[in-house]
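Subject: Structure handover

Hi,

Here is the structure I promised to pass on. Please open it next to this email, and then read on for my notes.

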Amino acid sequence: MKYSDALDIIIKKQSLGIKPGLDRVKRLLDIMDNPQDDIRTIHIAGTNGKGTVAYTIAKTLMHNGFKIGLFTSPWVINYREQIQINGDFIPEDTLASYVEQYQAYGATEFELLTAVMYKYFSDEKVDYAVIECGMGGLEDATNVEKENLAVITSISLDHTKFLGDTVEKIARQKAGIIRENSVCVLYPNPAVESVFEDICKQKDTRLVKVADTGDHISNNLKTAENALFEIGLAVPVIMEYPPARTERIHGILIDGGHNPSAARALIHTPPYIHDEIAVIGMMADKDIDGYLSVIAPRCKKIIATTPSNPRALPGQKLKTVADKYCPDVIVIENPAEAVGQSGVSLVCGSFFLARDVREILLNRI
């Protein structure tokens, strides 16, 4: 099977949508002889920051001589970036071979990708797998290993349709990755700390609470540092950001965060944003008003656009909300045309928007 054919099969599986639950992925992993049980796993759940913490842990482990599998989502550069070993994307022919073998077992796109990830990491005998939950934790397809080091990052409201409409309900979903008689490293989450205390007590699991440093960057760093310490590595941590997480390209800040908490983190990331000309596109199922109420007042102009995704909010509808917070809002529906406007300094609101324009920005002279 060619890689292009495999990718077509994967993309068609997106029509199955999001289906929480572990039965399908467990059946597929059984067929693969349960490769997840062969791997030492650092499992990361949270609303914001989990990609950064995952990349930071993986980078530090690699720097110290370990062979590291890294699983994150969504992708921005290339579909294969979601599955990496020591910074290299899974090879096209390898992914195609796995898809050819396991496509027919009724898994959704993310479930197939997750199972392939475990199989690949097992076949390649990684020292550790650093695995980011796709959504939630309890019913996320990644939540299948018998043992792990659980890491919980910042928690706030997001994916409320699936995870619950309060931070307490969401915290319980994230806590689903915690195993009995294990260790859980917890980012400073004062609003839901008691949830994790209760669950860890029930599971006889040691809870390591990261001290609040006062800003999210340092808190992410300390969370990664504590996780590494728990596996016996007391070394300087190498901070690493995934693509489109407060990334600067030719002076333009690009960030895929899409909820109010991510917006607050963005405005508190040096150099602080103000008087921006921003291209903003979002998914319709996000807290549009909550996000824009934080970002839009720091923009002197907003170009509302429509990311290339069926769930995208039309730019004209985004403008209606943004008009409340910014005096100058225009609509350019095409993302490529939007980022080509003079003076653009910020691109934000969705990883799908980042996917649309990142390569364009990189190629700009």
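Before the notes on packing, one term: contact means heavy atoms within 4.5 Å. Helices (H or I, at least four residues) and strands (E, at least two) are DSSP runs, numbered from the N terminus.

Please keep in mind that this is a predicted model, where local features need pLDDT of at least 70, side-chain atom pairs count only at pLDDT 80 or more, and totals for chains, interfaces and linings use all residues. Residues are numbered from 1 along each chain as its sequence is written, and side-chain values use heavy atoms, with hydrogens and water left out.

Buried faces

Let me start with helix H4, residues 92-102, where Leu95, Ala96, Tyr98, Val99 and Tyr102 are buried. Buried stands for under 20% relative accessible area, exposed for over 50%, and partly exposed for what lies in between (1.4 Å probe, protein chains only). Looking down the axis of H4, the buried residues fall within an arc of 165 degrees, so they line one face of the helix. The arc is that of the directions from the helix axis to the C-beta atoms. What do the buried residues of H4 pack against? Their partners are helix H1 (3-12), helix H2 (23-31) and helix H5 (109-123).

Helix H7 (residues 167-174) has Ile170, Ala171, Gln173 and Lys174 buried. These cover an arc of only 160 degrees around the axis, which puts them on the same side of H7.

Helix pairs

Two packed helices are described by the angle between their axes and the distance between the axes. Axes here are lines fitted to C-alpha atoms, for helices over the stretch in contact, and angles run from 0 to 180 degrees between N-to-C directions.

H2 and H5 pack at about 35 degrees, with axes 10 Å apart. The crossing of H2 over H5 is right-handed (clockwise; left-handed if the near helix is turned anticlockwise from the far one by less than a right angle). On the H2 side the contact involves Arg24, Val25, Leu28 and Leu29, and on the H5 side Glu111, Leu112, Ala115 and Tyr118. By class, this contact of H2 with H5 has 6 nonpolar, no polar and 2 charged residues. For the classes, Ala, Val, Leu, Ile, Met, Phe, Trp, Tyr, Cys and Pro count as nonpolar, Asp, Glu, Lys and Arg as charged, and the others, Gly among them, as polar.

For helix H10 (residues 260-267) and helix H11 (residues 288-295), the packing angle is about 10 degrees and the axes are 8 Å apart. That makes H10 roughly parallel to H11 (angles under 35 degrees; over 145 is roughly antiparallel, 65 to 115 roughly perpendicular and the rest oblique). H10 also passes H11 in a right-handed crossing. Pro260, Ala263, Arg264, Leu266 and Ile267 of H10 meet Gly290, Tyr291, Val294 and Ile295 of H11 in this contact.

Backbone details

Most residues other than glycine have a negative phi, and most peptide bonds are trans. Ser73 and Pro74 are joined by a cis peptide bond, with omega about -5 degrees; Pro74 sits in the loop between strand E2 (68-71) and strand E3 (83-85). Another cis bond runs from Pro270 to Pro271, with omega near -10 degrees.

Asn86, not a glycine, has a positive phi of about 50 degrees, and at 35% relative accessibility it counts as partly exposed. Asp204 likewise has a positive phi, near 55 degrees, and is exposed, with a relative accessible area of 57%.

Happy reading!
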